[in-house]
Structure formats: C-alpha cells, structure tokens
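Dear colleague,

I am writing to hand over the structure that follows.

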Amino acid sequence: MNVVFAVKQYISKMIEDSGPGMKVLLMDKETTGIVSMVYTQSEILQKEVYLFERIDSQNREIMKHLKAICFLRPMKENVDYLIQELRRPKYSIYFIYFSNVISKSDVKSLAEADEQEVVAEVQEFYGDYIAVNPHLFSLNILGCCQGRNWDPAQLSRTTQGLTALLLSLKKCPMIRYQLSSEAAKRLAECVKQVITKEYELFEFRRTEVPPLLLILDRCDDAITPLLNQWTYQAMVHELLGINNNRIDLSRVPGISKDLREVVLSAENDEFYANNMYLNFAEIGSNIKNLMEDFQKKKPKEQQKLESIADMKAFVENYPQFKKMSGTVSKHVTVVGELSRLVSERNLLEVSEVEQELACQNDHSSALQNIKRLLQNPKVTEFDAARLVMLYALHYERHSSNSLPGLMLDLRNKGVSEKYRKLVSAVVEYGGKRVRGSDLFSPKDAVAITKQFLKGLKGVENVYTQHQPFLHETLDHLIKGKLKENLYPYLGPSTLRDRPQDIIVFIIGGATYEEALTVYNLNRTTPGVRTVLGGTTVHNTKSFLEEVLASGLHSRSKESSQVTSRSASRR
Amino acid sequence: MASLDDPGEVREGFLCPLCLKDLQSFYQLQSHYEEEHSGEDRDVKGQIKSLVQKARKAKNRLLKREGDDRAEAGTQGYESFSYGGVDPYLWEPQELGAVRSHLSDFKKHRAARIDHYVVEVNKLIIRLEKLTAFDRTNTESAKIRAIEKSVVPWVNDQDVPFCPDCGNKFSIRNRRHHCRLCGSIMCKKCMELVSLPLAYKLTSASKDSLSAHTSPSQSPSSVHGSRRGSISSVSSVSSVLDEKDDERIRCCTHCKDTLLKREQQMDEKEHTPDIVKLYEKLRLCMEKVDQKAPEYIRMAASLNAGETTYSLEHASDLRMEVQRVYELIDALSKKILTLDLKQDPPPHPNTLRLQRMIRYSATLFVQEKLLGLMSLPTKEQFEELKKKRKQELERKRILEREAALESQRRLEERQSDLASRATNGEVASLRRGPAPLRKAEGWLPLSGGQRQSEDSDPLLQQIHNITSFIRQAKAAGRTDEVRTLQENLRQLQDEYDQQQTEKAIELSRRQAEEEDLQREQLQMLREREREREQFQAASLHTRTRSLDFRDSRPFQLEPGREPRTHLAHALDLGSSPVPGSAARKTPSPSSALEPSRVWSGPPALGPGFLPQSITSQHSEVPSLNPFDEEDLCSPAAEGAASPPVAEPPCDSAVRAHKEYNPFEEEEEEEAVAGNPFTDPDSSVPSPFDEEDECPHQRPSGPPVPGNPFEEALCTNPFEVDGDSGREGEEPIEEELLLQQIDNIKAYIFDAKQCGRLDEVEVLTENLRELKRTLARQKGGAH
C-alpha cells in the first residue's frame, strides 16, 4: 500500500531487466513526472541510465550504443511516435513499457513497425499516477469537471489512473461512492467496468477482507482547500506551490541562482521526511538545529585546513558536507520565505479567523472579525476573498447572512472582479445545495459530544483546530459506520467486516491537510491502511482554478443577484 | 452494538477475571470461561457477567469520547513523527505490482512481418550477387543486359505507361528504366543506382554470413573486381548517356532503400564506437572496485584496530591496487568526457550530454567509494597500534581485576572474616570491636593488613573469574578468546604462587624481626635511660625539654626511616622550638604558639589534651573522641597540626607497644616492593618506641606517681613538673618509670581482655624490663 514504493519498484524492474550497458530512458510528458517523483537523477545514474529523452523530441541523435527503455502512457500519439522510432531505430535495442493497458491493435502496429527486430520487451507496468507521498497520489488533472459532470477525457484519464493504482498495489476492491455526486458514481462505474473487462489482471490473491475504494467529490468539503495551512508540506504548497515535488522560488526576493527551483522530496531529503508533517513553529526550531549541525560539520577553512590530513578529512567528508549544505540552504530559504509571507500577509491573524469560520458557529463574532480584517491593508485581496468565501459557505443559509455587505466591503477594498465572482462560484461549487452531508453542524451524537468537549477544553492550537471532513468520513468507514444511504456500494455485495485496506479518491482534488489526516489515521489505527488520492493536490489557488474551470459561476443565481445588487448601488 | 469499535478499549473489558487472558469479545470471553474455568466458583461467573456489563457501559462512555481521544492522538502524532505508530513507510514489504507482457503477441506479429522483409532482402542480395559476379567492364552492354534480364524477369514495357513512382508518362524523352533487382519500371528521375563497391560490400557480407552456400574462391575475385571498378570509374564518368553500366547497377527506390538499410545494419554490427570501448573498460573497473573495496575495508579496519589477522603488506598492496583502479576509472571517465570534443563537426549535444553524465556518475562512484577507503597505518604506526591494543587489552584486564578487587573488598568488609586474616588485621579489628574509637591508627595496620589479604584473595577471585570466563568462552566456541584467557589465568596463578611463597617468607621474617625488635627495644630503652640521666644531671634541663630534645635526635640519626617520617617531622617541628620556650617556661608566641600552649598552657588546656591522651591510652575514660580524631589528623598533617606534640609520641608509643606488628607490616610491604631499607627498618620501631614511651611517661609521671588518672584530670602536671623538676630529678625519673610500669600493666590488662596474647607477652616482657631498669636505677641512685 505504499504508492511511492510501488512506482519505484516498477522503474527499478525496468532498468534491471534491460541488463548492463549504457541506457537511455525514453518517456513522455506525464511519465517524466511519474519517474521524477520516485527517483533522483543521481540515483538513476547509478543504474547506468545516463540520458533521459522525451519520445516526442525531434532532436534525438542516433546512438546505437545505447539501450532504450521506453516508459510511455499508452496514448495514440505515443504509439505513433514509437512506430516512427522503430522504423528508424536510434538505439540498439528497445524495452517498451506502457503505463497502462494498451490495445491489441496498437501492439500489432508496433510489431509491424519493428522490421529490424530491435524490440526486446513489451510490457504493461501500471505506474500511471503521480506518487506524492507513500499514502498520497495524484493525477495532476486540474479542472476535471464541466459543471457537475466529467470532462470525458479526464474521466478516462482518472479511470486509468485509478485502475493503474489498484493494479500496482494488487488490489481488487469493492467500491463505494458518494451518492450526492454524479461524478463519483460515474467514476465508480468506469472503474468497475475496467475491472470487469480486465478481470484476468485483477485476479489477485484474495485477502480476508477485500480492499475498499471510496470515491468522494470535492464538492462535499469546499472548506478544507480554502484554509491556510501550518504544517510544513501543506504550508509550502499553500504559499509557494508544490509541483511534482518542485518548488518555484524564483519570485523570492534576493534568491540565489541555484535555489530558483528546489526539490522537496521525502525520498532523499531526510530533514524534509522528518519534518513535512510538523507545524511551522517546530520546523523553526528544527531548522535551527539543522543549522547548528551544519556549522559543526562545516570546516573552517582558515584554521582547520592547514595540514594535508585536514584537507583529506575535508575531502572525505565532502559528499556528505555538500549534500548537507544543499539541504541546509534549501530549507533555510524555504522556511525563511514562508515566514516572510506569513508576516507580510498577516497570515496568523487571517488563519485564526479562517479556523473560527471553519470550526465554530458564532456568526456575529465571525462577521466582526472578517470585517475587521477586511479593513487591514496587510490582508491581500486573495486572503480577503477566501475569508468571505468561507463565510459564504458556512453561513449560506444563516438568518442574518450579510454576504452582500461583505461583498461590498471586498469591492471597497479593491478586490478584483475575478475574486469577487469566485465567492459565488465557490458557493455554487460546494454550497449546501450540493453537499450530501452537513459540514458545519454535526447531527451525530458522537460528533456533538466531541465538539462540546472541545469547547470545554479550549483549543490547543487555534491555527490547526480544523479537521477535514474526510477525517470524520474515514473514521466512520473504519468503524463500519459509514452510512450506506449516503455512500452506497457499487454492485450488490457489501463489506461485512471493517475495512483494512482503504483507497480514498477525491474527485476535484485532495489537499495536503487531508493527506496529513490520513497519515495520522494510519499511525493511530493499526491494521488499517489508507491511501489517499485525488485528481490533483490542491492549495487554495489551484482549488479556485478548479472551481473556475468547472464553469459553475456563470450559471450562478446568487452571483447575478450580487452583481445586480452591487450594480444597482452604483 | 456489539461491533468492535476499538480493540484497545474493548480489550480492557474482556479480560478473563480468572486467568487475565485477553479475549477479544464478550462471546469469546464467555466461551473461554465455559471451557477453562467451568469447574470453578459460581460466584465468579456472576462476577464475569457484571464485569461484561460494566465493560459495555464503559465502552459506551468511551465511545462518546472516542473521537476526542483520537484527535489527541492525532496531535501527538505531530510531535512524534516517525516514532512508533504505523508509518506508511513501515507497511509490510510489498511485491512488484501487476504486470502484463505483450511480448509474445508482439513477436507473433513481428515474425510475420519480418519473414516477409527478410525474404525480400535476401532475394535482393542474391540478385545483386549475380549481377556483380561477372566482369562488367569487359563485357559488352548487350551481354550485360542479357545477364541482367536473366537475373530477374523484366516487366513488359507496354504494361507500364506511367512511372509508378512519379506518375509521369513515358515517352521517347521520358524513357523507361528497369530495376535490375526487381525488374520493375520507373522513369529516369526516380531511378536509383547501386555502385559496385556498395554492391560488393553487401554481397560480401552476406557471403561471410552465409558462407555455407558461397564458394570461398568467389569472394577474392569480387574484391578484385571492385577495385577494378573503382579504377575504371574515373574514365567512364561521362559515359552515362550511352547507358552502359560499368560500375553501377540501376534499381528502384524501394530496392535501394532496402539495400541501404541493410548496409546500415551491417555498419552498426561491425562498428563499436570508442565510447563503448571506454565505457566497457570503465564498467569493468567499477566491478573490480566493488569486489575489492569491501575486502580492503575489512582488512584496513582490522589493521587499524591493531589486530594482526591480516598482514600490513598485503593490505597496502590491495590498497594500491584499488587506488590504481580508481585512477583508471577517473582517467577513463575523463577520456569519455573529452571524447571527440575537438572534432570538426562538433558532436551532437546528446552525445556530449551522455559523456558528461558518464563522467558525472563515475565521479559520484569514486566519491562514494574511494573516499570511504580508510588509510592504512604506516609500519611504525602499526607497531604502535599493536602496542596500544595490547595495552588496551592489558588495561581492560587490570580494570577487570580492579573491579573484582573492589567487589572483593566490599565483600570482606561486610564479612569481616577474622579467622582468615593475618594477625595484625585481627588485632586491629579486635580492638575496633570493643572500643572502636580508641585507636584511630588501628586502622592503618588494619588497612595494611587488609591490603595484604586483598592482594591474595582478589587474585584467587580473579582466577575464579577467569576460569568461569574460559568456561563461557568455550561454551560460546570462541577459541581465540579462550586462548588469551588461559594465558591470563596462567599469569595469575604464577603471581599467586609467588605471592604465597613471599608471604611465607615474610611471615617467618616477621617473627624473627619481632624478636629482634623486642631485644633492640629493650636495649634502646636502657641506653636512653642512661643518656637521660646523664643529660639531666649535667644541664638541669626540664624533663620536658630534654624529652623533646632527645626526641628530635633519634630521628635525625635515622633519616632512612620511611614509614614514619611524617611523624618525625611533627616531632621535629614541635620539639625544636620547645627547648627555648620551655626552658624559660614562658610561652613565646613568636617561636611556637602551639607547643607552648601544650606544654606550659593553662590547666584548662592541659587536661584538654594530655590527660585525655593519657586516659585514652588506658581506655578507661569515656571521653576519647577528640584525642583519636586529632591523632588521626596529626600524623597525616605532617606536623602542621602540632598541638598534641606529646601525643604522636604517645600514640606511636602505644602502637609500638601493642602493635608493632602492624607497623612492621607496612615496612614489609615496602620490603616486598623491594625497599632496600628493610633491614634498617626492622630495627626502627624500637628506638621509636623507646623514645616515645619514656618521655611520655615522664611528664605525666611526676604529679601523680600512684594514680595517673585522677591526677591527669585535676592538675596541670607540667607546671608542677617544671617546678619540681629541678629539685628532685631522680625521684621523678623513678616515678616516671613507675608510671610506665603502671601503664604497661594497664596495657597488659587491656590486651588480656581483648585476648591478644602475643601482645600480652611482649608487654609483659617490656614490663619486666622496666622493672629491672627501675631496680637498677634505684640501686644506682642509692
């Protein structure tokens, strides 16, 4: 159930099977991302893979002394490229791996193109998803839905990704989906279809309790992706953006050239692996320790490198030293930038109000706080807009809803039209009308007690009091209490025991906060293994893009109301 | 309701109350109870039922709070990342995901295709061979044409009105051309030509590979022909128009393509680029390193630890070898990096990238592996290391022994096994028994005696230890350790034997010395007495002064006395100023404050020190503590604390009297250690004793000739001494002697009480001597 490891194993197997000799890895755009998530360059260099080429690159030279490992998605264009490649082979021998099921006809046309008999292997290796963390995968699809329904291309990609995940983990699951979401049902059916069609592939050793695939829709919880985050990984994504483990720091003031883009990968960065789930304050102290460690190890050139023995010691420590210095400067830069942004954007205060909006039910105090923050010049239009979005989502049906007033405040603050429109779009996307379950006022006695107790005890950390809705869902699922009328099974059979292996997939994208929740669930409930996936991994910005891409705002009643009202006031 | 929500919480409720076995559910518990404990008390069954009910209630309660607990656990998770819990990284190892191979399918399709292609190519090659098999230049065009036509049937001109490739109509101008390889027709524009060299190349290769069906005689001729062709080609360049194909063969594009592909394949098969050769060498070197480096590291680690399992030369040879390989790797990768760099058409960027990457990975390899190679010690260093290791081992052994000693000592103190101890130790401990505070110095010999006994007993203990170690090592099958341990054991046994013999020798010598001592003591006493008489008679000195004066003398005479030098010092210091001050009988603060206080101080001080000291000797007065404590510190402080000037002498007197054995023992130790002073030392205690004894008795003697104890408590003897001293020295001497006799009587009594018979004997002898002296004195005086 470790998705990173699953993909890594596939890649290692490919390379091993090609035998000794210089190798080139031929990939397409997507598989490049897939491979880069699990392997670093130096790691893969050790396996004699010296070149990485894109199959669509025209500028490739004939190098008959290289072996080619092709890892491609089974798309039409890739097959075409490959046919061209085989007609005039540039490399001595080809090992072809498709990341998903390929049609027989494609295999035939490839075979017919291989007149020179350069192909030594044709296989399907189902590494067809981006493995972000061991328990988190993504498909890097932004804007999977049009309105409430799937974009057909994205549906097929998502189906492929999800089935590939199941195959790579060797799971043939039972499927449950969120009834309130048409998209979830559709995807569930598509996955089921593939499983039925490729039943030979899905014949794995039966486990006592069959694995479970739970398909959810982002609409059910639009709150989580709107919140500021304070754990390292989530925070970096929220404030800087993580794209296939890469972070673009080029906009950081005074950044040095080699730090314009840094890679944060738990696979080869020990510090990151140990700190990605810690909160910002803890990271600060750990960074300090890291610095001290570094300073201890850093040779003092002037005084220490006098004798040859010293030099030798320095050189002997050099690889580690270099590695460590890279780690240090990277994390210091990232954390420094994070804290700069936090103070610049007044994020502590903003986050406190966000959490209040997400977790508490005090309308007047929330409204007051938002109004106060909207007056604060340090609060950016982005943060201002998301505060209003949270308000709009939470107090959508509140008797004294004063969203129009807040919208006016936004306008007065000079928040651009784009964001103001997004407020209503978000409500349309994840408002009460579309939600299958209640986000804010728990009906469940347990939840009420929980909230009551929380109120008694006071909150330990005001910035991290929010628990994603997913937590409750999974908690119920693990206890076997998830309601079947809300999350029905696809097909007649149901799970009688409590699930052990759970794969949760969120249409419309997961978040790192949810990844943390799943991580903690995995740690605290032995015997249950959960993997979280999403069409993508969102931060607020990308979530708003997702909302925008769904195109819901244009048909929004409320938004037209708001605009007409504001227009009339003009 | 009965669903198992949280095993941890439920488990608390479902422990069997009888055997505490953890049962997962109520039903399991019930059945378990039925099976295991059915015969037992009925009450318990009722108990178990109520317990289950309780557990259920508790569970319900817990359920409500569960979410909260979980949240707490979650926040704990923040802090203690990667410590415990089920981290996804710790999930059980997973196998490779599903795979599906299409290779057989692929091969099937390809085979069909390839067969066709291969047949096609082979056909062309065979025809080409036929076409080039004869001497084209010397054959007439017509004949050539005839041969060409015989190779492949030409397509009829009438059948092809248009060029199949470009579609142009054939006419007088646009004439038809036939492909000599397949017989098809094309126009001139679409016509391709195969030059003879190419043809020969293709056919010769096929001849080589298919040598089975081509005669060897044919290939040389064809090579010859190709040469001819190339020579003649210069002369017949212009003869294209007359359509005589001397040195080339017309063919269609398809055939040409096929042939070219074929040629390319041949080229690649034969040609291995430089980079591949270098790379192969590089990989070989890397493999070698992967083999040798671990071996070397094992050796170097062992050598650096000072072990002698591997030879230094061998290791350094290996190191050289590995290093050479590294240099080779470095050189090869550098060569790969700069390969073709200066060529005129610069190599393709990808080639350069490949070279850079190879170099980079080689550098990584070297960095990772070479720098992990630890250096070897030089020969001298190695020797040193070996020595160090030996010392280390030795030290370890000693440490072990010390630890054993320590435990032994503790054990002995606890046991206080009197019987096993040497006589001295016995004496001390005995004395410690009834009056533990009386003799502080009693500890010195005691500890000395203990040390002695420890020296032997720990040895034995160590021997036992080692034998048990050997047993263990043998059981563990560690033969090398057994060997070292056995050696160790042998050493220990030797040492023990030696010690035992030494001890025996020592014992006998001690007995002899005792006798000597006693004799000498008496003699000294006699001499002293005589001397004193002379002195006192001559210079009218106070007794005290003379005492001090004489005190210092014997020590000066015997500078070689090691064990009590500090005492001598104390006396020296104390005594030298005293003569002056005591002679004037006025305490002079400048000369010596402390002694004067003692000797001529007010009565308040006197009793504080001296009387007590006296009484302490007799062990009948309870207030002994201060004296003993001072005793302890005064010798130790080496005369700095001189207040009880008289005390050290008296202490040592006592010691000399009662326990010169322990005293000797110390000397013995030195003797064991090879002290050359052993012999002079053996005679030392007696002068010491004498001088200490006598003066001490004298000051305390005069005031109370009969009963020293009462006197000591109420009067200051010294002032009286001083006054009376000038008038009646002789009687005082007499009384001193009497006093001493009394003292010794007391000692004897004491010793008898404590059961130290040997001491009693000595004391009795002493007493007899004293009595004799007294009698002589009396006789001499009168």
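Predicted model: local features only at pLDDT ≥ 70, side-chain atom pairs only at ≥ 80, totals over all residues.

The mean pLDDT of chain A is 85, and 88% of its residues reach 70 or more. One stretch calls for caution: over residues 554-570 of chain A, pLDDT stays under 50, and the model has twelve contacts beyond four places in sequence for this stretch.

Chain A in outline

Chain A holds 22 helices and 18 strands. Of its 570 residues, 59% are buried. If one takes the contacts in chain A between residues at least 6 apart in sequence, 82% join residues at least 24 apart.

Helix α14 of chain A

Helix α14 of chain A covers residues 363-375, which is 13 residues. From its first C-alpha to its last it reaches 19 Å, close to the 18 Å expected at 1.5 Å a residue. Which residues of α14(A) are buried? They are H363(A), A366(A), L367(A), N369(A), I370(A), L373(A) and L374(A). Seen down the axis of α14(A), these buried residues fall within an arc of 165°, so they line one face of the helix. The face turned away from the buried side of α14(A) carries the exposed residues Q368(A) and Q375(A). As for what covers the buried residues of α14(A), the elements include α13 (347-359), α15 (381-394) and α16 (403-413) of chain A.

A sheet of three strands

Chain A also contains an open sheet of three strands, in the order β12-β13-β14, with antiparallel pairing. The strands β12 (242-243) and β14 (261-263) of chain A stand at the edges, each with a single partner strand, so one side of each is left without a neighbour in the sheet. Strand β12(A) is joined by two bridges to β13 (residues 246-248) of chain A, and these two strands run antiparallel. Within this pairing, N243(A) stands opposite R246(A) in β13(A).

Salt bridges

Side chains of opposite charge can pair when their charged atoms come close. Over all chains, the structure holds 48 salt bridges.

One of them joins the side chains of R113(B) and E115(A), at 3.4 Å from N to O. This pair crosses between chains: R113(B) lies in helix α4 (residues 103-132) of chain B, while E115(A) lies in the loop between α5 (104-113) and β5 (119-125) of chain A. Are the two partners buried or exposed? R113(B) has 32% relative accessibility and counts as partly exposed, whereas E115(A), at 14%, counts as buried.

Within chain A, K479(A) forms a salt bridge with D475(A), and their closest N and O atoms are 3.1 Å apart. Both K479(A) and D475(A) are buried.

Within chain B, E321(B) forms a salt bridge with K292(B), with the closest N and O atoms 3.3 Å apart. E321(B) belongs to helix α10 (residues 312-337) of chain B and K292(B) to helix α9 (residues 274-304) of chain B, so the pair ties together parts that are 29 residues apart in sequence. E321(B) counts as partly exposed, at 26% relative accessibility, and K292(B) counts as partly exposed at 23%.

Finally, salt bridges that share partners join E238(A), R345(A), E354(A), D383(A) and R386(A) into one network.

With kind regards

Definitions and conventions: Residues numbered from 1 in each chain as written. Chains lettered and ligands numbered in written order. Heavy atoms only, no water. Pairing = 2+ DSSP bridges. Helix = DSSP H or I, 4+ residues; strand = E, 2+ residues; numbered from the N terminus. Salt bridge = Lys/Arg side-chain N within 4 Å of Asp/Glu carboxyl O. Buried < 20%, exposed > 50% of the residue type's maximum accessible area, 1.4 Å probe, protein only. Expected span 1.5 Å × (residues − 1). Arc of directions from axis to C-beta. Contact = heavy atoms within 4.5 Å. pLDDT = per-residue confidence, 0-100.
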